[in-house]
Amino acid sequence: MRYIGILIALLAVGWLVMTQLQSSPTGLSTDTTEAVESVDAPANVPDQVPRNTEEMNEFEAKINSLNQGQNARNQDAYQQTQ
């Protein structure tokens, strides 16, 4: 009798897991997906992956400048809150 109870509990848990996985495979709601699609990348970020050393150096410089700009904006926002 104990084994039948365990079997029924395992079947219930398995069914709940399967229905949960089938209902939202990506984990993103439609609102989040629309918000992500509406965000445009900054103009100085390349669209393609660098293929050689020269492109890699340019990519690194662009990412560093983007990072420094974001750090400056964060620092300004932090100082305004204090």
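Confidence in the protein is lowest in helix α2 (residues 30-38), with a mean pLDDT of 55, and highest in α1, with a mean of 92; pLDDT is the predictor's confidence in each residue, from 0 to 100. Across the protein, pLDDT averages 80, and 71% of the residues score at least 70. This is a predicted model, in which local features need pLDDT of at least 70 and side-chain atom pairs count only at pLDDT 80 or more, while totals for chains, interfaces and linings use all residues. Residues are numbered from 1 along each chain as its sequence is written, and side-chain values use heavy atoms, with hydrogens and water left out.

**Fold**

- The protein has three helices and zero strands, where helices (H or I, at least four residues) and strands (E, at least two) are DSSP runs numbered from the N terminus.
- Along the sequence the pattern is α-α-α.

**Surface**

- Of the 82 residues, 0% count as buried (under 20% relative accessible area; exposed is over 50%, partly exposed in between; 1.4 Å probe, protein chains only).
- The accessible surface comes to about 7600 Å², of which 59% belongs to carbon and sulfur atoms (Shrake-Rupley method; for residues, only the protein chains shown count as cover).

**Helix α1**

- Met 18 lies in helix α1 (residues 2-23) and is partly exposed, with a relative accessible area of 44%.

**Helix α3**

- Helix α3 (residues 53-81) has 29 residues and spans 42 Å from its first C-alpha to its last, close to the 42 Å expected at 1.5 Å a residue; the expected span is 1.5 Å times one less than the number of residues.
- At the start of α3, a side-chain oxygen of Asn 52 comes to within 3.3 Å of the backbone nitrogen of Glu 54.
- Glu 60 belongs to helix α3 and is partly exposed, at 43% relative accessible area.
- Glu 60 and Pro 50 are ten residues apart in sequence, and their C-alpha atoms are 9.6 Å apart in space.

Conventions. Areas by Shrake-Rupley, 256 points an atom, 1.4 Å probe, with all protein chains shown as cover. Polar contact = N/O pair within 3.5 Å; in protein donor to acceptor, adjacent residues only side chain to side chain.
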